Amino acid sequence: MDLPEKIKHRTLLVTFTLIIIVVAMILFYINNIFEKRLYEDIERRDEILHNLFERTLKQDTEVLEKLLEHTLQNPQIKEAFRKKDRERLYELVAPHYAEIRKINPFVKIMTFRLEDGSAFLRVHKPQFYGDSLNKKREIIIDTNSKRTKHYGFEVGKLKMTYRIVLPIFYKNEYLGLVELGIEPAGFIRKIADVIGLKYALVIKKDMKTVMLDKKDFIDRGDFSLVSNDPFFKKAFESKNLKQKSAENFISYKGRKYFVENDLVLNDFKGNKAAVLLAAEDVTEEFERKRELFYTFLFIFTAPLIFLFLILNYSFNLFIKRIYNLIYKDDLTKLGNRVALKRDLNEVKKRVLVLTDINSFKTVNELYGIEAGNEILRQFGSVLMDFAKDRGFFCYRVSSDEFVLVKEYEKLDPSQCKYFVKNLQDTIKKHPFKIPETGSEIEIEVTAGIVYGKKVSLEKALMALEKAREKREDYLVYSSSIDTKKYTQKVISMKYYIKKALQSDNILVYFQPITDKNGNIIKYEALVRMIKEENGKEEVLSPYEFLELSKKFNLYFEISKRVLDKSLDTFRHRKEKISINLSPSDIIDINMQRYIVEKLESYPNSKRVVFEITESESIKDFELVKEFIEKIRHTGAQIAIDDFGSGYSNYFHILELKPDYLKIDGSLIKEIHKNEESRIVVKTIAVFARELGVKTVAEFICSEEIFHVTKKFGIDEFQGFYLGKPAPDLF
């Protein structure tokens with residue numbers, strides 16, 4: 001045979017072998033699919049069995065307990081039980097027992113027991129009373145000792161029953177208890193109507209001594225089978241009752257059964273008292289799945305092999321192209337965010353490093369988008385080489401954010417410092433070139449790191465943002481920097497603010513301002529909010545909600561409410577009202593217009609003072625001057641609040657010419673023991689007096705501070721010593 005012929009035969013042999021392997025793999029795969037579906041169907045029915053059993057048990061317990069409680073509501077029954085009048089008790093209870101059995105025929109036992117546990121009346125067998133089982137039956141002992149109700153399965157003298165035991169009280173006297181016994185079959189037969197099955201009972205071995213009927217039990221481990229059925233004997237001998245077996249199928253007389261062995265009957269303490277072996281015949285399903293498998297194999301195996309030979313190459317190309325579209329970043333050819341998410345799900349323990357190019361926006365602005373893209377390509381290449389050398393996978397997740405991920409068994413957190421430093425040094429040393437100009441630029445990065453079993457890009461981003469805020473090269477994520485709780489708090493506060501506005505729960509508290517003799521001449525309006533939650537009300541200070549209201553565009557509405565309520569309250573009063581205005585109020589044209597319109601129609605605008613805090617947040621000083629002129633035109637006055645704090649500007653005061661200077665409380669509260677505070681306050685007082693501006697001292701919290709400030713010639717005074725903020729006026 002010549003060489004071409006040999007090549008031909010060898011090629012055919014290889015091809016034939018490959019076809020056989022492929023067919024075998026397809027056969028194996030299809031078989032697994034069918035078996036999986038079969039097991040899933042059986043597991044679903046198994047789950048239904050459990051749910052039905054638990055639901056039936058719960059529903060029957062609730063119904064029977066209510067019926068039993070209804071029975072005990074009859075005071076004549078309790079009186080007869082208290083007097084130990086057995087005939088009278090039976091006469092009263094028998095109709096109720098008959099009604100209960102009519103509702104649930106599986107109720108077989110109703111017994112009244114005395115406090116010592118002895119049976120006083122068996123309603124189901126009134127001729128029999130008295131026994132010694134009170135010393136063995138823990139549910140009776142526990143009910144009598146704790147005098148609380150109990151439920152649970154229990155092995156009795158003749159059979160296992162489900163017991164509902166209720167204590168009986170009459171006129172604050174404990175009489176004993178009453179119990180109902182329900183056959184387990186009552187719960188199973190209802191289920192059997194839905195799922196065809198047969199069942200047998202397995203009890204704990206040590207409970208056999210309780211039963212009077214000494215049957216031939218089959219013992220295995222800690223349990224005994226209460227059944228003579230050969231099928232269940234086989235199932236009992238082959239199944240592990242302490243845990244669910246991986247293989248729960250039994251073949252018996254040419255049939256296939258699925259045996260459920262974790263349907264547990266718990267006693268009143270929640271301990272396993274017995275197990276129900278429930279068997280379902282699944283022979284037809286096995287046959288049906290097998291027939292379907294053979295049919296499928298017959299119809300599709302040959303075409304699949306043929307299609308595989310024709311389409312294999314084209315499919316491979318197509319899949320590769322799709323793979324690149326889904327998982328690859330088009331610019332850098334690194335893995336993208338989708339690939340990162342996929343890979344994170346496949347790794348148990350990993351470290352994730354999120355890097356961000358500092359000020360990358362500047363590169364785009366200076367050199368253009370195309371140049372920026374080229375820098376990103378170069379950066380991705382450098383990062384990829386760095387990652388490969390250290391066993392990391394590399395991804396680009398946004399414009400200038402890249403991620404490095406590595407799986408590990410043990411990680412020393414201190415290594416992160418050296419890793420990031422090494423990374424930053426590598427990037428700094430690499431020359432990144434702008435293509436058009438040929439010039440080189442330096443690149444620096446900031447990193448956020450997270451490691452452990454539950455890493456996420458979100459956590460790394462939190463660490464990155466915190467590192468930027470602290471101006472650090474990197475930061476490792478910890479729960480202390482997690483912003484989720486703060487975000488949830490902000491969202492909930494938005495709800496409370498909206499609710500307060502809707503319910504008119506934005507309040508104004510008033511704090512008195514006095515002259516040097518302690519006479520109230522003015523009040524400062526202070527905003528408060530009532531937070532309603534679960535029927536309770538809590539008054540919040542402005543520090544808890546006012547700044548957040550700006551984020552939700554609700555601040556303007558709050559300011560309007562404070563202004564309206566303050567002006568309405570002092571419409572007919574002789575004292576002045578002082579209202580705070582924030583920088584946000586001053587720069588808001590709508591708020592300016594609203595204030596001016598209110599003052600122009602207000603009869604006592606001369607008794608209105610607006611307190612303005614001189615702040616760095618006010619960028620346009622001319623805007624402030626214009627606003628003050630508008631206010632003065634209406635007759636209202638202006639006070640500069642917190643004067644003497646860090647940003648106070650004496651030149652601005654000369655230009656604004658306010659009517660009042662409110663000296664910052666941080667100076668006043670230290671004035672009696674701090675020489676520097678006294679010098680500053682005294683200087684402000686002299687400065688204001690020369691300008692004809694009145695001064696107000698805040699934070700008067702003691703008599704000593706009050707006297708010291710009066711000596712310096714302060715005109716007005718405010719603080720807890722003179723009066724606290726309150727919703728009602730003095």
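# A guided tour of the predicted model

Begin by selecting helix H10 (residues 369-389) and helix H11 (residues 415-429), whose axes come within 11 Å and cross at roughly 140°. Helices (H or I, at least four residues) and strands (E, at least two) are DSSP runs, numbered from the N terminus. Axes are lines fitted to C-alpha atoms, for helices over the stretch in contact, and angles run from 0 to 180 degrees between N-to-C directions. The angle makes H10 oblique to H11; angles under 35 degrees count as roughly parallel, over 145 as roughly antiparallel, 65 to 115 as roughly perpendicular and the rest as oblique. H10 passes H11 in a right-handed crossing. A crossing is left-handed if the near helix is turned anticlockwise from the far one by less than a right angle, and right-handed if clockwise.

This is a predicted model, in which local features need pLDDT of at least 70 and side-chain atom pairs count only at pLDDT 80 or more, while totals for chains, interfaces and linings use all residues. Residues are numbered from 1 along each chain as its sequence is written, and side-chain values use heavy atoms, with hydrogens and water left out.

Next, select helix H2 (residues 75-82) and helix H3 (residues 86-103). Their axes cross at roughly 140° and come within 8 Å, an arrangement that makes H2 oblique to H3. The crossing of H2 past H3 is left-handed.

**The largest pocket**

Turn now to the largest pocket, with a volume of about 1,300 Å³. On a 1 Å grid over the protein atoms alone, a pocket is an open set of points with protein on both sides within 12 Å along at least five of seven lines, and lining residues have an atom within 4 Å of a point. Grid points are joined across faces, edges and corners, and the volume is the space filled by probe spheres set on the points. Select Glu524, Leu526, Pro542, Tyr543 and Asn580, which are the closest to the pocket centre of the 40 residues that line it. Elements that give two or more residues to this lining include strand S20 (520-533), H14, helix H15 (555-569) and strand S22 (576-581). The lining divides into 19 nonpolar, 11 polar and 10 charged residues. Here Ala, Val, Leu, Ile, Met, Phe, Trp, Tyr, Cys and Pro count as nonpolar, Asp, Glu, Lys and Arg as charged, and the others, Gly among them, as polar.

Stay with helix H14 (residues 542-551), where Pro542, Phe545, Leu548 and Ser549 are buried. Buried means under 20% relative accessible area, exposed over 50%, and partly exposed in between (1.4 Å probe, protein chains only). H14 is followed by Asn553, which has a positive phi near 60°.

**Further positive phi values**

Most residues other than glycine have a negative phi. Select Asp642 in strand S24 (residues 637-643); its phi is positive, near 55°. Asp642 is partly exposed, because its relative accessibility is 25%. Then move to Asn172, in the loop between strand S4 (160-170) and strand S5 (173-182). The phi of Asn172 is also a positive value, near 65°, and the residue is exposed at a relative accessible area of 84%.

**Pairs separated along the chain**

Select Leu334, in the loop between helix H7 (283-327) and helix H8 (337-346). Leu334 counts as buried because its relative accessibility is 5%. Its C-alpha atom is separated by 6.5 Å from that of Cys394, 60 residues apart along the chain.

Leu121, in strand S2 (residues 119-122), is buried at 0% relative accessibility. The C-alpha atoms of Leu121 and Val178 are separated by 9.4 Å, with the two residues 57 apart along the chain.

Finish at Lys453, in the loop between strand S17 (445-452) and helix H12 (457-470). Lys453 is exposed, with 62% relative accessible area. Display Arg350 as well: 103 residues apart along the chain, Lys453 and Arg350 have C-alpha atoms separated by 6.7 Å.

Methods
On a 1 Å grid over the protein atoms alone, a cavity is a set of points where a 1.4 Å probe fits but cannot get out, and a pocket is an open set with protein on both sides within 12 Å along at least five of seven lines; lining residues have an atom within 4 Å of a point.
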